[in-house]
Amino acid sequence: MRDRLDDLGDTAVAVVTFAAVERLAAHREHLDLPFPLLADPQRVVYGRFGLDRAPLWRIYNPGTLRLYGRLLARGRRLRRPVDDTRQLGGDFVIDANGRLAAAFRPRSPDDRPPIGDLVAAVRRARSDSG
Amino acid sequence: MMRPGTTVEDFTLPDDRDRPWTLSGQRGRPVLLVFHRHLM
C-alpha cells in the first residue's frame, strides 16, 4: 500500500486493529506507517462493519498457507500471533459525505483485495461525491 | 450489515498516541479504513 499512497490523494487512511492501544505506537514505528493505527479492543467497530470471526478451516485454508509461504520466501519473519487469529479483517471506503462507498469483506485471510481495487474505489468515491 | 450508499454511523477510537480519532472529523475527503486481522 505504501507504494500507492500518492494514488490515494487527499484521502484519510486509518488502520483499525483490535489490539490494546498501548501496543500500537511500537507497531506503527516498526512498520513506519504514515497513517494512524486505531485501537478497537472490544471490536465494536469491527462488528458495525460486519467483520466476524471465521471458523479455523476458513482461516487456515490452502490459500492462506500459500500466502504465509510467500511471505516466508520473501524473508518475512512470522511471529506467533498473540491475538485472536480467527478475527477477519476488511477494507472500506467512505465518501466525503460520510456514506459507505465500497466494502471488501473477505471470507478468509488470503481474500484481501489488491491495492489497485482500493485505489479505484477511492477514486470512484471522490468522483461520485464530488 | 451496512450496505454501500448508507451513511456510516460516527465513531471515535484512540490512535497509537492515545488521541481520539473520529470518523466525522474526516468529513470533506474520502476515508479508507483498513481493518487488521491481528498484529504480526
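**Notebook: where chain A meets chain B**

I began with the contacts: 54 residues of chain A touch 31 residues of chain B, where a contact means that the C-beta atoms, placed from the backbone, lie within 7 Å. This is a predicted model, in which local features need pLDDT of at least 70 and side-chain atom pairs count only at pLDDT 80 or more, while totals for chains, interfaces and linings use all residues. Residues are numbered from 1 along each chain as its sequence is written, and chains are lettered from A and ligands numbered from 1 in the order in which they are written.

**Entry: the chain A side**

I looked up which elements of chain A take part. Helices (H or I, at least four residues) and strands (E, at least two) are DSSP runs, numbered from the N terminus. Strand 1 of chain A gives the largest share, six residues.

I then sorted that side of chain A by residue type and got 33 nonpolar, nine polar and 12 charged. Here Ala, Val, Leu, Ile, Met, Phe, Trp, Tyr, Cys and Pro count as nonpolar, Asp, Glu, Lys and Arg as charged, and the others, Gly among them, as polar.

An open sheet of five strands runs in the order 2(A)-1(A)-3(B)-3(A)-4(A), with mixed pairing; strands pair if DSSP finds at least two bridges between them. Strand 2 and strand 4 of chain A are the edges, each pairing on one side only.

I checked both neighbours of strand 3 of chain B (residues 31–35). Strand 1 of chain A runs parallel to it, with five bridges, and Val13(A) has Leu32(B) as its bridge partner. Strand 3 of chain A runs antiparallel to strand 3 of chain B, also with five bridges; there Gly90(A) stands opposite Phe35(B) and Ile94(A) is partnered with Val31(B).

Further along, four bridges join strands 3 and 4 of chain A, which are antiparallel, and Phe92(A) faces Ala103(A).

**Entry: how covered is strand 3 of chain B?**

Five of its five residues are buried, meaning that 20 or more other C-beta atoms, placed from the backbone, lie within 10 Å of a residue's own. On one side I noted Val31(B), Leu33(B) and Phe35(B), and on the other Leu32(B) and Val34(B).

I also found helix 5 of chain A lying across strand 3 and strand 4 of chain A together with strand 3 of chain B, at about 165° to strand 4 of chain A. Such angles run from 0 to 180 degrees between N-to-C directions, with axes fitted to C-alpha atoms, for helices over the stretch in contact.

Definitions and conventions
Contact = placed C-beta atoms within 7 Å. Buried ≥ 20, exposed ≤ 12 C-beta atoms within 10 Å, placed from the backbone.
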